[in-house]
Amino acid sequence: MNTSLLLSQILNGVVTGMLYALMGIGLSIITGILNIPNFAHGAMFAVGAYLVYTVINALGNFWLALILAPVGVALLGLVIEYAGIRRLYAAGHDYQLLLTFGLSLIVTEGIIIVWGPVGMSQPPPPLLRGGVDLGITIYPKYRLFVMVMAGLLVLGAWLFFEKTRYGAIMRAGIEDKEMVSLLGIDIHRLFTAAFALGAYLAGIAGALTAPIRGLNPLMGVDMLGIAFVVVALGGLGNLPGAIVAGLMIGVAQSLVALVWPEASVAVIFAVMAAVLLVRPQGLFGIR
Amino acid sequence: MSRAWLAVLAAVVVLPLVVRHAIATEIWIFAIFGLGLNLLLGYTGLLSFGQATFFGSAAYVGGYLLKHYGTNVFLVLALGVVVGAVSAAAVGYLCVQRSGLYFIMLTFALNQMFYFTAYQWTSVTGGEDGMPGVPRPRLFGVGLDDSLAYYAFAAVLFLLSLWVMTRIVESPLGKILVAIRENELRAEAVGYDAARFKLLAFVIGGAFSGLAGVLYAMLFGIVPLEAIGFVFSGNVVFATLIGGSGSLYGPLIGSFVFIWLSESVSVMWQRWPLLLGVAFVIVVLFLRGGVVEAWARFWSWRAGRHVAPGTAGDAP
Amino acid sequence: MTLLSTEALAKSFGALAAVDGVSLAVETGSLHSVIGPNGAGKTTLFNLLTGQFAPTSGRILFDGRDVTGTPPYGIAHLGIARSFQRTSLFPALTLLDNVWMAAFARHPSWRGLVWRRADRFPGLADRARAALAEVGLDGKADRPAREISHGEQRQLELAIALAAAPKLLLLDEPAAGLSAEETRRMVALVRTLKGRFTIVLIEHKIDLIMSISDRITVMHFGRVIAEGSPAEIQRNPEVRRAYLGGVAAP
């Protein structure tokens, strides 16, 4: 085992971990405010990736795609919430959950119909090709970019929640919806905004992932379980928790991939199970 | 004998005359699966989104034993139940310690763990291709290869399962689970360790799922990877909610609806999961619990004392 | 003989000391009231006694044993039953089933938990009906709990506690939200329970407290500021001070 490979893998783990954290944060927002685990969250991740692919092939510009694709996913989220979930308030959370589940089936199959069942690759933009010499190892520029980008997004999310008024409303909404609506805030707009924001984060995570992992129709489904793991470990609405949890499983996955590649995905869930055995309340939960 | 039981017996007798034997068998197998889930969902108020874990695990174990060792059918069934129960105990132990949203997410995540394990462990499970070559067993020396014979076998096991579940929901445990659903704090204050009881419900649900899984493997002669996947988990939730989680017989109705739906849709198009998803969305959006609840109430009225109070519309 | 006692029992939520070093002793067969302005920590005290929260420090002794940290279901099995200030029932279950749950929990044997039909447990249904009769609700035994009036729900709240045949009854404002007539009935009911059970009672209705209690503990800001017989408490200047602005002492 040479140190160059080891460092590369750890960095890979950090990159994927940051993306996992982004997924967890987005899921946390939707789940915390709407009170349903969003089973379409993975699908939105996949749509983000496939939209980036489409826009790049149509317009030839990665940066434009990176801006447009997540917005597209956010709009999708808006439509889902407004036309679907909102209409099921009376029926209850179980039905809203089923709706997101049904939508994930539709999206996964829809992707196969439009883009085919075979995985595709998406090269990084010319600016970010090649590697950077870090001394111990040469690391792909694009992955460093993703690390920075994800970090900025997480920071942005943190600033939004801690420093802005709307962010405070959202945090309050996660804690106590009744109180929020009693304070005169339109709870329906809050729900829609939360869903769109969560969708945006899933979309941009997907958009960033495409040049790293490529695209395949099942990428959303795979990611959904991982997003759930991040939230279960980190705690709903706990932003630092999502980061710690994401990094933990990302690095664990990368390191295991070095010695036992077949188990690298299952290890994510195994780590979750192990942590929960010792701390049933998650990493940061209170008993 | 209650009118509901008469109706069920009638359905069991008439069904193979009306639809293909394999579909009829599938309906009762799925009903067993649904009964297990409904103990958790309808009675205890726990939405488990990972029941395929227990269904699939039992199917793989049962299928493997039948395929490689020609194990006695009763032993296989018993082992299926045990595998379902034990895997549910392991998963349940982690899940019941968290409530509501976390519980749902954990059942799903642990389901994924089993799924990925099955996916990778190709030497045993066949991975993506599934485990083909599961033979029909012999029952008292008689082969069950004939579709009607297997239907009778599965139907009898279904009736047995229904009877067992009826006993369970009418027992003190049934009431305790409803009490925990209605007011967990009070149930604890009155002397019930809620986590223990939830785990018990989980294990029983797992046992039923395991039985269904083994029967499924023997029906189709193959254990597909999907049997342990999240779509299966979602299907049984859909079926149970649509049938009406507020009654013992809801899963039966739901099984009819779901199997009919998925069979109709699967012959239309190769991309039929899309249509299934569309069907989910339409049913969920437009029935919105309203019509279904009325239907469930109709069945509950017919079932008389077999009502578990609590509606499908209540949040877990 | 002391049935229940606490030693410097304390519970803090972050910086807030909800219960701050409470030591009290309840004699077997007595009716011991806990009074104090809103926020004094009375319900938190009950939550500590029933194991809903673990105390930050201090001990709880029941029947000679240290039961600190026992979870709620364990407390129930020790013979401590509680009624809640905010009505806490099983809405979808019938009144009979609501009390039956409490009675079954305390049944010495749970054999047949999973397979015996619930109505085939001898004696339990009788115990349950007796508890309902005690509070005057046996006529409505088969109605779902969510369909009865608020006043009747408060009675059911009490019946659930009684059905457990407890050694110690913790009653948290049984008369909360009741009309004058309903309060009179509740008072009469509590009077019939006095002597048959050891009772710790939280109440705001001072005339009820004064006329029925053997001993009174007065709490304020989580601490005990006075304890004694009703007469002693009435004369206590600290108590009067604490109540200015709150519920006035007569």
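Two residues are in contact if their C-beta atoms, placed from the backbone, lie within 7 Å. This is a predicted model: local features need pLDDT of at least 70, side-chain atom pairs count only at pLDDT 80 or more, and totals for chains, interfaces and linings use all residues. Residues are numbered from 1 along each chain as its sequence is written, while chains are lettered from A and ligands numbered from 1 in the order in which they are written.

**View 1. Gly203(A) and its neighbours in chain A.** Gly203(A) touches Met44(A), Val47(A), Gly48(A), Ala69(A), Pro70(A), Gly72(A), Val73(A) and Ala74(A), leaving aside residues up to four places away in sequence. Gly203(A) itself belongs to helix α8 (residues 187-213) of chain A. Helices (H or I, at least four residues) and strands (E, at least two) are DSSP runs, numbered from the N terminus. Is Gly203(A) buried or exposed? Gly203(A) is buried, because 29 other C-beta atoms lie within 10 Å. The cut-offs are 20 or more other C-beta atoms within 10 Å for buried, 12 or fewer for exposed, and partly exposed in between, with C-beta atoms placed from the backbone. Gly42(A) is 161 residues away from Gly203(A) along the chain, yet their C-alpha atoms are separated by 9.3 Å.

**View 2. Chain A as a whole.** Chain A holds 11 helices and 2 strands. Read from the N terminus, its elements run α-α-α-α-β-β-α-α-α-α-α-α-α. The C-alpha trace spans about 60 × 50 × 35 Å along its principal axes. The radius of gyration of chain A is 19 Å, which agrees with the value near 19 Å for a compact globule of 287 residues. That radius is taken over C-alpha atoms, and the globule rule is 2.2 Å times the number of residues to the power 0.38. Of the 287 residues in chain A, 53% are buried. Among contacts in chain A with a separation of 6 or more, 76% join residues 24 or more positions apart.

**View 3. Where chain A meets chain B.** Of the 2 pairs of chains in contact, chains A and B share the most contacts. Chain A brings 40 residues and chain B brings 39 residues. On the chain A side, the elements giving two or more residues are α4 (93-115), α9 (219-234) and α11 (266-278). Which of the elements gives the most to this side? It is α4(A), with 14 residues. By class, the chain A side has 28 nonpolar, 8 polar and 4 charged residues. Ala, Val, Leu, Ile, Met, Phe, Trp, Tyr, Cys and Pro count as nonpolar, Asp, Glu, Lys and Arg as charged, and the others, Gly among them, as polar.

**View 4. Helix α8 of chain B.** Helix α8 (residues 172-182) of chain B is mostly covered, with 11 of its 11 residues buried. Among them are Leu173(B), Ile176(B), Leu177(B) and Ile180(B), and also Lys175(B), Arg181(B) and Glu182(B). The buried residues of α8(B) pack against α2 (21-43), α7 (147-170), α9 (184-190) and α10 (194-220) of chain B, together with α3 of chain C.

View 5. Chain B has 14 helices and 4 strands. Its C-alpha atoms fill a box of roughly 50 × 40 × 40 Å along the principal axes. Of its 316 residues, 59% count as buried. The mean pLDDT of chain B is 88, and 90% of its residues reach 70 or more; pLDDT is the predictor's confidence in each residue, from 0 to 100. Among the elements of chain B, α10(B) has the highest mean pLDDT (96) and helix α14 (residues 290-303) the lowest (60). Residues 309-316 of chain B have pLDDT below 50, and this stretch has 33 contacts in the model beyond near neighbours in sequence.

**View 6. Where chain C meets chain B.** This contact takes 27 residues from chain C and 21 residues from chain B. On the chain C side, α2 (72-78) and α3 (95-105) are the elements that give two or more residues. The largest share, 5 residues, comes from α3(C). By class, the chain C side has 19 nonpolar, 3 polar and 5 charged residues. Chain A and chain C do not touch, and their nearest C-alpha atoms are 11 Å apart.

View 7. Strands β1 (residues 2-13) and β2 (residues 16-27) of chain C pair in the antiparallel sense over 9 bridges. Two strands pair if DSSP finds at least two bridges between them. Leu9(C) stands opposite Val22(C) in β2(C). The hairpin of β1(C) and β2(C) has 2 residues between the strands, and Gly14(C) in the turn has a positive phi of about 65°.
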